[in-house]
Structure formats: C-alpha cells, structure tokens
Amino acid sequence: MHALPILLVASPILFPAASSASGPSVHEEGAGDTVYLRSGTTESGNVLDETLAGLSFDPAEGARKVIPWDSISAVQYGDAPDDFANGQAALDAGNLELALESYQSVLAEEDLRPVIRQQALFYAAHAQLRLGQAQEARATYERLLEDFPGGRFVRAAGENPIDLHLTGGGAAG
C-alpha cells in the first residue's frame, strides 16, 4: 500500500537535523530514498535519522555520513505510505482537515520508519494548531518531543506550545 515516492522540501528552519551512526544498511528497509542537494546533485541510499545537525544517510556508494540541512533542498522517501503524500498535498492545498486525517492514518501504520513517523507527528500537530485544536496540538508536540528528543523538529515542537500559551491559544496544561 505504497504510492509513488514522496518529495518533501527541506528547509534549515523547518527541518533542522543531526546524525545516528547506527541503522539499517542501504539494502534493508528504507532503501530507495533520494536526497536532493542544493548543488543540483542527488544521492540515493537510505535515510537513517533526521536530527538538528543534519540527515544521517547511508548512501548506495560510499560511507555513512551526515548531510547538513543547509545543503539539502529536498528528500524523497521511497517507502513512505500513500497517506504521507496525501497529507503533504493536503497541507500544501490548505486542506487542514484532510492533512490531519492523512497524518493520523500514517501514525496508525505498523512498522513505520522513525523518520516518517517523526514528520507525521510534526505535521499532524501543525495541522491541529492551524485548526485551532490547541490542546490536541500541544499533546502531539509533547509526544514528538518525547519520542524524538534530538529530532529535526525539536525547536519548533518546543516553541509552538510556548507560543500557544503566551498567545492564549489554550489553557496551560
């Protein structure tokens, strides 16, 4: 139940990251990811982790490495569920209800890769926040921070609930 690979634009502000030296080899689950670099080149292999420092990557050729976010223009996840692409398309179109539904469907999947789960949590919280579901957004951001304390979205996941509190976007909890 997988569609075409998903292409997500990576921004150093929205998508900061760091590295993990362990993970599956490029020949295991997750193989088929493509990293599009700002230099105009691409690298194929397996995204292992996404943290504040960059994207931990096991290329099809060469040694594992961390690619800094400011060097990345986009990442394509070869094994992302259909609803992952649907969620991104819905967000891009401003259909927050469909985006949230799609990301919640992704989060319900068994054997979801952590890099995809991390993004589904972040974008689900983002949709909840924009839909005015402050308490739900806060809970989803907290789950994201608990599950991915060094993840690429740690700053936004920490700042958005603070902004909610400061602007009165929900009761303190």
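**Exercise 1.** Determine what share of the contacts between residues at least 6 apart in sequence joins residues at least 24 apart.

*Solution.* A contact requires heavy atoms within 4.5 Å. Among contacts between residues at least 6 apart in sequence, 62% join residues at least 24 apart. The model is predicted: local features need pLDDT of at least 70, side-chain atom pairs count only at pLDDT 80 or more, and totals for chains, interfaces and linings use all residues. Residues are numbered from 1 along each chain as its sequence is written, and side-chain values use heavy atoms, with hydrogens and water left out.

**Exercise 2.** State the order of the elements and locate the pairing of β2 with β6.

*Solution.* Helices (H or I, at least four residues) and strands (E, at least two) are DSSP runs, numbered from the N terminus. The chain has five helices and six strands, in the order β-β-β-β-β-β-α-α-α-α-α. Strands pair if DSSP finds at least two bridges between them; β2 and β6 do so in the antiparallel sense, over four bridges.

**Exercise 3.** Characterise D111.

*Solution.* D111 lies in the loop between α2 (96-107) and α3 (114-130). Its phi is near 55 degrees, a positive value in a residue other than glycine. D111 counts as exposed because its relative accessibility is 68%.

How values were computed. Buried means under 20% relative accessible area, exposed over 50%, partly exposed in between (1.4 Å probe, protein chains only).
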